[in-house]
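Subject: Structure handover and notes

Dear colleague,

I am passing on the structure we spoke about, and below it you will find my notes on what turned up when I went through it. Please read them with the coordinates open beside you.

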Amino acid sequence: MLSVVENCFSPRTAAFFDLDKTVIAKSSTLTFSKSFYQGGLINRRAVLRTAYTQFVFLAGGADHEQMEKMRAYLSSLCKGWNVQQVKEIVAETLHDLIDPIIYDEAATLIEEHHTAGRDVVIVSTSGAEVVEPIGELLGADRVVATRMVVGDDGCFTGEIEYYAYGPTKAEAVRALAVSEGYDLSRCYAYSDSATDVPMLEAVGHPHAVNPDRALRREATLREWPILVFNRPVRLKQRLPAFSMPPRPALVAAAAVGAAAVTAGLVWYASRRRTAGATLAG
């Protein structure tokens, strides 16, 4: 249980949440693959591959090398995508796709942090076209996400302006602490991945949520709390009734366009090559 409401004379504090497998049970970007297929942004083959990638993601997550491959791939994949179309597709399918996979435990934590007077910040490697609407659904105050360059024609150019991943997440947390007056020694952070250790190190109260093996080892060594979230539930079905007020959230650090939805294709191909080499050996 979180502490009582903080003294109004105390420095401001915040709770920083990774998104995928921390707040929601799946990959936020991969979850929209079918919707992007129906919108004509990706083909059927990509949908099938992202289904496989979603399985691998849930089974073990992606390491640093795989994430870097995804980064390089998505920059070329989403080139020419119309940003407004992406936003409309996400808005139309958000409640059907994301609401049912929000962890009840995460939603409770978000409520408790708000009750204690803390800001809630979603910090995700996915793009703001996906992450910002999810943050709004959750009642988050701010979002930090990846940002891709948008051309004068309203389409992604294929260039990545800001990649919210690894140490960059920690830098964003520290920058927000300066701009918002957060006392990081009294702030909280939650993540499932060892790639977010820099962000967890940046706060006084780090938590490992459904951790991958590397993060579990790190959390055990550092005596960080390890939490298990396993109850996805629609917000409106939570008891007592979930009634999070709309918040003008989303002072967004950025967005990658939902193109990251199929960035997992690189991961898929890499896994197939590795498996093939193993069999051949």
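I begin with a residue in a loop: Lys 21 sits between strand E1 (14-17) and helix H1 (33-38). Please keep in mind throughout that this is a predicted model.

Lys 21 is not a glycine, yet its phi is positive, at about 65°. Most residues other than glycine have a negative phi, which is the reason I list such cases. A second case is Glu 223, also a residue other than glycine, whose phi is positive and near 60°; Glu 223 belongs to the loop that joins helix H9 (213-222) to strand E7 (226-227). Are these residues buried or exposed? Lys 21 has a relative accessibility of 12%, and because buried means under 20%, Lys 21 counts as buried. Glu 223, with a relative accessible area of 71%, is exposed, because the cut-off for that class is over 50%.

The helix I looked at in detail is H4, which covers residues 83-97. Its 15 residues, at 1.5 Å a residue, should span 21 Å, and the C-alpha atoms at its ends are 20 Å apart, so the two values agree. At its N-terminal end, H4 is capped by Asn 82, a side-chain oxygen of which lies 3.0 Å from the backbone nitrogen of Gln 84.

Which residues of H4 are buried? They are Val 83, Val 86, Ile 89, Val 90, Thr 93 and Leu 94. An α-helix has 3.6 residues a turn, so residues three or four places apart point the same way. Among the elements that cover the buried residues of H4 are H1, helix H6 (128-138), strand E3 (142-150) and strand E4 (156-162).

E3 and E4 lead on to the sheet, which is open, has seven strands in the order E4-E3-E2-E1-E5-E6-E7, and shows mixed pairing. Its edge strands are E4 and E7, each of which pairs on one side only. The pairing of E3 with E4 is antiparallel and runs over three bridges, and Val 150 has Phe 156, in E4, as its bridge partner. Helix H5 (residues 104-115) lies across E1, strand E2 (119-127), strand E5 (188-191) and E7, and runs at about 160° to E1.

Conventions:
Residues numbered from 1 in each chain as written. Predicted model: local features only at pLDDT ≥ 70, side-chain atom pairs only at ≥ 80, totals over all residues. Heavy atoms only, no water. Helix = DSSP H or I, 4+ residues; strand = E, 2+ residues; numbered from the N terminus. Buried < 20%, exposed > 50% of the residue type's maximum accessible area, 1.4 Å probe, protein only. Expected span 1.5 Å × (residues − 1). Contact = heavy atoms within 4.5 Å. Polar contact = N/O pair within 3.5 Å; in protein donor to acceptor, adjacent residues only side chain to side chain. Pairing = 2+ DSSP bridges. Axes fitted to C-alpha atoms, helices over the stretch in contact; angles between N-to-C directions.
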